[in-house]
Amino acid sequence: MAMIQVIAERCKSCQYCVKFCPKQVLAVGKKVNSKGYEYVEPVNQEACIACCMCGRICPDGAIEVYK
Amino acid sequence: MEKIYSRTKTIQEDKVSGFCPGCMHSTVVKLIGEVMEEMDVVEKTVMVTGIGCCGLHMDYIAYDTITAPHGRATAVATGMKRSSPDSLIFTYQGDGDFASIGLGESISAANRGENITVIFINNGIYGMTGGQLAPTTLLGMKASTAPKGRVAEEHGYPMHMCEILNQLTAPAYLVRTSCNTPQNVIKTKAAIKKAFQNQLDGKGFSMVEIVTSCPTNWGMDALTALDFIEEKMLPEFPLGVIRDR
Amino acid sequence: MARVLMKGCEAIAEAAVRAGCRFFAGYPITPQNEIPEYFARRMPEVGGVFVQGESEVASVNMVYGAASAGTRSMTSSSSPGISLKSEGISYAAAARVPMVYANISRGGPGVGAIQPAQQDYFQATKASGNGGFEMLVLAPSTVQEAVDLTYAAFDYADRDQNPVLILADGVIGTMMEPVELPPMKSDEEIAAIRAGKAAWACTGHKLDYANRSWIQPGQWDTKKMQQENEKAAAMYATWEQDVQVEEYHTQDAEVVIAAYGISGRIAKSVVDICRSAGKKVGLIRPITVHPFPYAAFDRINYDVCKAVLDVEMSIPAQMVQDVRAGVKGRCPIETCLCSGGNIMSREAILNTVDAILAK
């Protein structure tokens with residue numbers, strides 16, 4: 001059982017997490033945060049294996065990983 | 001469920017990083033904070049920042065910090081460390097700061113073997129001032145002050161600070177890493193940790209040169225800039241441990 | 001306490017050590033080399049740190065760093081080297097970091113001459129760096145005064161959290177005189193001074209967003225930047241209480257000489273010679289050249305004063321502008337000047353005084 005949580009306000013939509021997630025859990029969403037960024041959202045949460053690749057590569061600390 | 005990864009507490013909880021999307025300054029600042037927490041050294045750490053984007057995080061971190069004049073961070077750190085040897089002092093400098101205007105201070109501090117840690121961000125360009133030619137700009141790479149790109153005959157060649165400092169006897173640890181993949185992020189964090197530990201062990205001058213992107217001034221999106229690091233920056237600035245004593 | 005014979009530069013350094021200075025960084029330049037050389041020998045004896053920086057720029061920034069960690073710190077140089085230090089001085093003033101520095105000034109401009117001069121007056125008193133900050137600038141005319149002012153400078157610097165400049169010259173720095181040295185601050189006193197800076201000094205704090213130390217020589221927020229400048233201006237305004245000036249036989253003087261530093265001392269001997277010959281000559285010698293003792297010029301008796309004679313080792317004259325602001329047109333102002341490393345001649349002053357009296 002694993003999951004991720006994106007802190008929308010911190011996301012700048014650089015998409016590093018989308019690129020490096022080995023399970024394609026993340027994708028750019030349609031909603032924007034207060035800074036105008038289309039923030040990333042988990043779209044395939046059940047595939048998450050809590051490897052933390054997304055969290056580590058995220059420059060802005062926008063992703064929290066739970067296990 | 002247990003939270004197994006979240007942002008370091010050394011960044012103020014309610015603050016958002018002030019860097020551009022994809023900027024790896026953010027990544028490195030985050031890694032430094034993680035290392036400080038894991039080593040339990042927050043209470044005695046002081047960051048000396050240079051001038052430029054390398055000072056953009058001063059208002060959202062939660063530890064002691066001082067701004068040095070442009071290029072002088074290693075001199076300021078020298079004074080701090082020598083007069084306050086129990087503190088852990090690291091400088092945080094960009095390529096313009098460390099390798100251009102501060103070259104004299106950088107080499108001299110390394111040559112004295114000052115017991116400080118340098119975090120050197122090499123993104124091949126001046127960020128805050130808007131994309132001017134840096135000492136580390138690649139041949140052919142365009143800059144606002146080299147509109148036709150860097151030309152060896154006019155601008156010389158990119159400077160390799162690890163290799164230059166490796167000519168000196170005193171430095172303890174010289175390493176070049178990147179943050180372009182999760183694996184390299186992990187290696188960068190390990191390098192920062194080792195550089196901090198060296199200081200605690202009194203080993204002297206340690207520098208972690210981190211090859212990063214500047215999507216804004218490179219004129220590309222963050223993902224394309226990742227490819228640029230892999231294809232262009234890393235062949236010029238090969239990663240690895242250059243010195244470990 | 002017994003007096004000892006000391007060279008000016010060495011006496012300044014010893015006074016600093018006794019005031020609790022425990023960090024010095026400097027770079028060789030004539031005629032102040034005896035200051036770093038003295039510290040290099042002396043600091044290890046008192047548990048202090050001496051660093052020969054790779055440049056003046058590096059040295060002043062080392063001092064900015066050491067002072068930011070709470071240590072009483074000092075640097076020194078001579079004229080062209082002081083120009084290089086202006087970067088770090090401006091940063092320290094902006095960040096409100098206390099430090100002391102000495103200019104053992106020499107001929108200028110440019111590389112100038114290595115002999116004594118007073119050609120850095122404007123730089124010292126008006127603009128020692130970018131941004132319009134101000135400093136207390138103390139100008140000794142004897143080695144004893146250099147000792148006393150250096151000792152006091154550290155207290156001023158800590159009180160105001162601001163740089164303080166000792167503006168001496170190659171004569172004061174290189175001549176030997178008997179001096180009485182001030183008491184040595186104990187390790188306990190020095191530790192207490194340092195502890196008093198714990199709230200703002202950068203040595204590491206517990207993880208605490210609100211109370212960390214953040215030494216900022218500038219602000220992103222222009223409103224905050226203006227507030228910082230307003231706070232600094234209010235602090236500068238308190239310096240009226242710190243004005244020091246020597247007024248010598250000015251009450252009935254027909255000629256009042258205005259001179260500072262070594263010129264002031266030479267001028268004082270001229271006053272003595274004139275007085276013994278029955279000539280009514282006096283002296284105003286600013287000891288703080290910033291803030292300038294304008295009020296001393298209000299105490300001149302303009303009913304009898306034929307002229308104020310500005311005496312400086314600077315061509316063109318510089319302090320004369322402050323003298324003019326003090327005299328406010330109440331009598332003519334004459335000058336007696338030399339420059340480029342030439343020391344003021346007593347005869348030249350005497351001749352100028354006689355010419356004024358003969359008018």
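Which residues touch the most other members of the largest nonpolar core? The legends below take up this question after an account of the individual chains, all in a predicted model.

**Figure 1. Chain A comprises two helices and four strands.** In this predicted model, the elements of chain A follow the order β-α-β-β-α-β from the N terminus on. The C-alpha trace of chain A spans about 30 × 20 × 20 Å along its principal axes. A compact globule of 67 residues would have a radius of gyration near 11 Å, and the 11 Å of chain A agrees with this. Of the 67 residues, 43% count as buried. Among the contacts in chain A with a separation of 6 or more, 60% are made by residues 24 or more positions apart.

**Figure 2. Chain B contains nine helices and eight strands.** Its radius of gyration is 17 Å, close to the 18 Å that the globule rule gives for 245 residues, so chain B is as compact as a globular protein of that length. The C-alpha atoms of chain B fill a box of roughly 50 × 50 × 30 Å, taken along the principal axes. Buried residues account for 62% of the 245 residues of chain B. Of the contacts in chain B between residues at least 6 apart in sequence, 68% join residues at least 24 apart.

**Figure 3. Chain A meets chain B through 24 residues of chain A and 23 residues of chain B.** On the side of chain A that touches chain B, the elements giving two or more residues are helix H1 (16–20), helix H2 (53–57) and strand S4 (63–66) of chain A. H2(A) gives the most, with four residues. This side of chain A divides into 12 nonpolar, four polar and eight charged residues. S4(A) also pairs with strand S1 (residues 3–5) of chain B, in the antiparallel sense and over two bridges. In this pairing, A:Tyr66 has B:Lys3 of S1(B) as its bridge partner.

**Figure 4. Two pairs of chains touch, and the most contacts are between chains B and C.** Chain A and chain C are joined by no contact. The closest C-alpha atoms of chain A and chain C lie 18 Å apart.

**Figure 5. Chain C is assigned domain 1 (4–195) and domain 2 (246–358).** The C-alpha centres of these two domains of chain C lie 28 Å apart. In domain 1, 27 residues are in contact with 21 residues of domain 2. On the side of domain 1 that touches domain 2, the elements giving two or more residues include strand S5 (99–107), helix H5 (121–125) and strand S8 (163–169) of chain C. The residues of this side of domain 1 divide into 17 nonpolar, seven polar and three charged.

**Figure 6. The largest nonpolar core has 204 residues.** B:Ile119, C:Ile12, C:Ile166 and C:Ile257 touch the most other members of this core. Helix H6 (residues 143–160) of chain C provides the largest share of the core, 10 residues. Domain 1 (4–195) and domain 2 (246–358) of chain C both give residues to the core, so it lies between them.

**Figure 7. The surroundings of C:Ile12 are shown in a close-up of the core.** Not counting residues up to four places away in sequence, C:Ile12 touches C:Ile35, C:Ala102, C:Ala146, C:Val147, C:Thr150 and C:Ile166. One of these neighbours, C:Ile166, is itself among the residues that touch the most other core members.

How values were computed. Residues numbered from 1 in each chain as written. Chains lettered and ligands numbered in written order. Predicted model: local features only at pLDDT ≥ 70, side-chain atom pairs only at ≥ 80, totals over all residues. Contact = placed C-beta atoms within 7 Å. Nonpolar A, V, L, I, M, F, W, Y, C, P; charged D, E, K, R; others polar. Pairing = 2+ DSSP bridges. Rg over C-alpha atoms; globule rule 2.2 N^0.38 Å. Buried ≥ 20, exposed ≤ 12 C-beta atoms within 10 Å, placed from the backbone. Core = buried A, V, L, I, M, F, W, Y, C linked by C-beta atoms within 7 Å. Domains from an automatic or database assignment.
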